[in-house]
Amino acid sequence: MYPELREERIHGTKEFPFSCYHLHDMPAFFQIPVHWHPEVEIIYVRSGSLKIIIEGEEYEATGGSVYFVNPGELHFMGSSIPGVDYHTLLFPLEFISFQTDDLLETEFLLPLRNHELLLHHNLSHEKSCPDIISLIREILSVRQLPNTLSGHFRLRILLLSLIQKIASCGTINPMGSKRNDPMQREILTYLQYNYTEPLRLETLAEQFHLSEKYLSRYFKQHFHLTLTQYLMHLRLTHACHLLESTSLPVTEVALQSGFPNVSHFIRCFHRTYQMSPLQYRKQLPYQ
């Protein structure tokens with residue numbers, strides 16, 4: 001596993017490790033760059049068009065489709081067409097485990113957590129897909145209920161039923177499945193370690209003993225972003241973290257995030273978030 005690519009966002013709480021995200025009204029072009037997390041992720045597209053890439057396999061998801069991401073799998077999604085509306089459910093398999101060495105744990109949940117067992121990614125054409133969608137919709141309604149013991153019971157029962165339905169679609173042999181080649185992870189790991197440095201395409205090409213032209217084409221083909229776009233995402237994400245968690249001046253935030261000067265940082269920040277870094281900091285809840 002590559003800890004440098006792990007998504008650092010905390011999903012849910014220690015007492016209730018379940019999260020549901022609803023993404024809609026996105027800009028004409030958006031992309032959630034490549035990442036992984038130990039939780040399973042279930043993506044339900046209600047309407048619109050969403051491109052999903054899971055371990056190198058590309059899918060064009062449309063309204064009424066469902067996709068499953070196994071624990072630890074590299075994945076990202078995005079769209080160049082406005083109007084996509086989708087939900088994601090994330091939770092660790094421990095949340096629905098009985099924490100005993102029973103058949104369900106030893107033959108299914110534990111192998112799934114340990115990447116010895118994989119579930120199918122694309123569930124959209126399975127006979128059970130309408131049942132899966134029905135369960136997802138019920139989960140979406142249950143999560144709005146008060147945080148009570150009965151609510152926890154109901155949610156876990158629904159999640160168990162959902163995983164059972166997904167598992168009925170079949171499993172994949174991990175040894176026979178198509179996985180990302182090592183260079184993809186090596187490139188992403190290198191960028192994660194060095195994005196605050198003044199990286200350029202020629203620097204990265206030299207690092208991996210490749211031509212600039214080949215590396216540029218390879219990056220775009222596998223990650224559906226240019227190297228410049230991906231570096232911008234990493235730097236702006238880090239800048240947002242510094243704005244949220246420190247009182248550093250904007251100039252220092254820019255330099256610590258890998259921008260050559262504050263003017264360039266402010267222009268890029270405003271282009272992405274439609275506000276200045278100072279405005280971003282002022283609108284935080286605790287300010």
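Me: Which strand does β3 pair with, and in which sense?

Reply: Read the bridges between strands. In this predicted model, β3 (residues 40-47) pairs with β6 in the antiparallel sense, over five bridges.

Me: Is β6 mostly covered or mostly open?

Reply: Check burial residue by residue, then face by face. Strand β6 spans residues 65-69, and five of its five residues are buried. Both faces are covered. S65, Y67 and V69 lie on one side, V66 and F68 on the other.

Me: Which residues touch the most other members of the largest nonpolar core?

Reply: Look for the members with the most partners. The core has 33 residues, and F18, I42, V66, L89, F91, I136 and L162 touch the most other members. β3, β6, β8, α1, α2 and α3 each supply at least two residues. Helix α2 gives the most, with eight.

Me: What is F91 in contact with, beyond its neighbours within four places in sequence?

Reply: F91 contacts P17, F18, E39, V40, I42, I96, L159 and I163. Another core, of 24 residues, lies apart from the largest one. Its members include F76, L188, L199 and L225.

Me: Which residues form a nonpolar patch on the surface?

Reply: Turn to the outside. L149, F153 and I157 form the patch, with about 350 Å² of accessible area together.

Me: Why is F153 classed as exposed?

Reply: Compare its relative accessible area with the cut-off. F153, in helix α3, is exposed because its value is 54%, and exposed means over 50%.

Definitions and conventions: Residues numbered from 1 in each chain as written. Predicted model: local features only at pLDDT ≥ 70, side-chain atom pairs only at ≥ 80, totals over all residues. Heavy atoms only, no water. Buried < 20%, exposed > 50% of the residue type's maximum accessible area, 1.4 Å probe, protein only. Helix = DSSP H or I, 4+ residues; strand = E, 2+ residues; numbered from the N terminus. Pairing = 2+ DSSP bridges. Core = buried A, V, L, I, M, F, W, Y, C linked by side-chain atoms within 4.5 Å. Contact = heavy atoms within 4.5 Å. Patch = residues over 30% accessible without salt bridge, like charges linked within 9 Å, V, L, I, M, F, W, Y side chains within 5 Å. Areas by Shrake-Rupley, 256 points an atom, 1.4 Å probe, with all protein chains shown as cover. Salt bridge = Lys/Arg side-chain N within 4 Å of Asp/Glu carboxyl O.
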